[in-house]
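Please go through the briefing below with the sequence and model at hand. It covers a sheet and a metal site.

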Amino acid sequence: MKALCWHGKGDIRCDSVPDPRIEDGRDVIIKMTACAICGSDLHLMDGYIPFMEKGDILGHEFMGEVVEVGRDNKKLKVGDRVVVPFTICCGECQQCLKGNWSVCERTNRNAENATKAFGYPTAGLFGYSHLTGAYAGGQAEFVRVPYADVSPIIIPNGMSDQQALFLGDIFPTGWMAAANCEIEPTDIVAIWGCGPVGQFCIKSALMQGAARVIAIDNVPERLALAQQAGAEIINFDDEDATILDRLKEMTGGHGADKCIDAVGAESHATASFDAIIDKVKAATLLGTDRPHALRAAIMACRPGGIVSVPGVYGGFLDKIPFGAAMNKGLTIRTGQTHVNRYSQELLRRIEEGQIDPSFIITHRAKLEDGPELYETFRDKKDNCIKVVLTA
Ligand SMILES: NC(=O)c1ccc[n+]([C@@H]2O[C@H](COP(=O)([O-])OP(=O)(O)OC[C@H]3O[C@@H](n4cnc5c(N)ncnc54)[C@H](O)[C@@H]3O)[C@@H](O)[C@H]2O)c1
Ligand SMILES: [Zn+2]
Ligand SMILES: [Zn+2]
């Protein structure tokens, strides 16, 4: 079968690889009908996540039709259309039972690597390095789905692939980022990053009742989409002032009650000293992440507020203003998304027409065009916001 494989920094290829097989009674095999490229895939492409090996199959936002079912799987049957959440969950460990799905204690096959890096293992993830279980990803014609009696979401006929696909990652990610803010009706929510995740943060914060949402980026078409969704915008390229000062100015001195970092490890900044240092450190392997947006979010958050961090980080972050966080009494919430917590509610919201997640898609292509589209998405060429690939 065809699959998109990682071969090194900036080197993604469409390879011919063996078809997957059922390995455990709870598995299913799906024939992929749609998959997407996520901002998290860019961190792999750009070499920010360690423990990748040549030939690893990428992709963790995907859906398809069940074509084979393991003998112990009582949930799915051949022909079901399913979206597969990117987190692999056993459904039985203490964390799964608590609803902390993305830190399932059993599904990471390389638990010892994760324990070394993080102190404890975290869940297995599709297509996301040997730190998270070395599972083959979903940017492939066929995918083996382990523990497939737990997380896959059965999609009703009548809902298109393009409407359903993002239930596996960016829609619940934006939703959880907003939910982590415990939004109150008077809240002003500032969101760094208007990529796909940022866009779902904006929609979710408004659906959860924020008074105002202010979105920050420097990519014109992404800012335009944010504005269409009802956000006010700041283009950080146009600012001489800090984002903190600009937010205060836009809100009569009040500032942001809640702040969301939807940028993650590869933050850009215009000629800011901290960002230049990050870039040099990351390039020379002295640092792992470029957390400029996280620093800005902590500084910009009002005392007593919440900083919610869906943005992915890989390692040790430098020069985080923890003194500001501590003295202002901020709450910081983060995590890979506990997708299963939100699956049924968000499926219902799509069915009821409250949101059509396909608004985000700008590029549709075939799997073999994937390597080129990874570059288009990374470099924000051709007004690219979200890529969907079909087999
Ligand atoms: N927590 C989770 O489970 C989860 C799930 C999906 C994605 N993510 C993460 O969310 C982040 C965003 O994903 P995406 O798909 O939207 O990626 P993306 O790369 O398309 O979007 C990032 C956006 O941030 C903007 N940006 C860069 N520097 C900025 C700055 N200083 N201030 C404001 N904006 C800035 C970029 O221009 C871009 O539009 C990534 O880190 C990704 O790994 C997390
Ligand atoms: Zn993702
Ligand atoms: Zn578990």
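**Sheet and zinc site**

In this predicted model, six strands form an open, parallel sheet ordered β13-β12-β11-β14-β15-β16. Strands (E, at least two residues) and helices (H or I, at least four) are DSSP runs numbered from the N terminus, and two strands pair if DSSP finds at least two bridges between them.

**Sheet**
- The edges are β13 (232-235) and β16 (331-334), each with a single partner strand, so one side of each has no neighbour in the sheet.
- From one strand to the next, the twist averages 20 degrees; axes are lines fitted to C-alpha atoms (for helices, over the stretch in contact), with angles from 0 to 180 degrees between N-to-C directions.
- Strand β12 (residues 212-217) runs parallel to β13 and is joined to it by four bridges.
- Ile-214 lies opposite Glu-232 in β13.
- Helix α8 (residues 243-250) packs on the sheet and touches β11 (188-192), β12, β13 and β14 (256-261), contact being heavy atoms within 4.5 Å.
- The direction of α8 makes about 150 degrees with that of β13.

**Zinc site**
- The SG atoms of Cys-90, Cys-93, Cys-96 and Cys-104 coordinate the zinc ion (ligand 3) at 2.3 to 2.4 Å; donors are N, O and S atoms within 2.8 Å of the metal (3.2 Å for Na, K and Ca), and water is not among the atoms, so sites may look incomplete.
- The site of the zinc ion (ligand 3) is tetrahedral, with angles of 104 to 118 degrees among its four donor atoms (four donors count as tetrahedral if all angles lie between 85 and 135 degrees).
- The donor residues of the zinc ion (ligand 3) follow the spacing C-x2-C-x2-C-x7-C.
- Cys-90 and Cys-93 are buried, meaning under 20% relative accessible area (1.4 Å probe, protein chains only).

**Conventions**
- Residues are numbered from 1 along each chain as its sequence is written, and chains are lettered from A and ligands numbered from 1 in the order written.
- Local features need pLDDT of at least 70, side-chain atom pairs count only at pLDDT 80 or more, and totals for chains, interfaces and linings use all residues, while side-chain values use heavy atoms, leaving out hydrogens and water.

Definitions and conventions: Four donors count as tetrahedral if all angles lie between 85 and 135 degrees; four count as square planar and six as octahedral if opposite donors are over 155 degrees apart and all others between 65 and 115; anything else is irregular. Buried means under 20% relative accessible area, exposed over 50%, partly exposed in between (1.4 Å probe, protein chains only).
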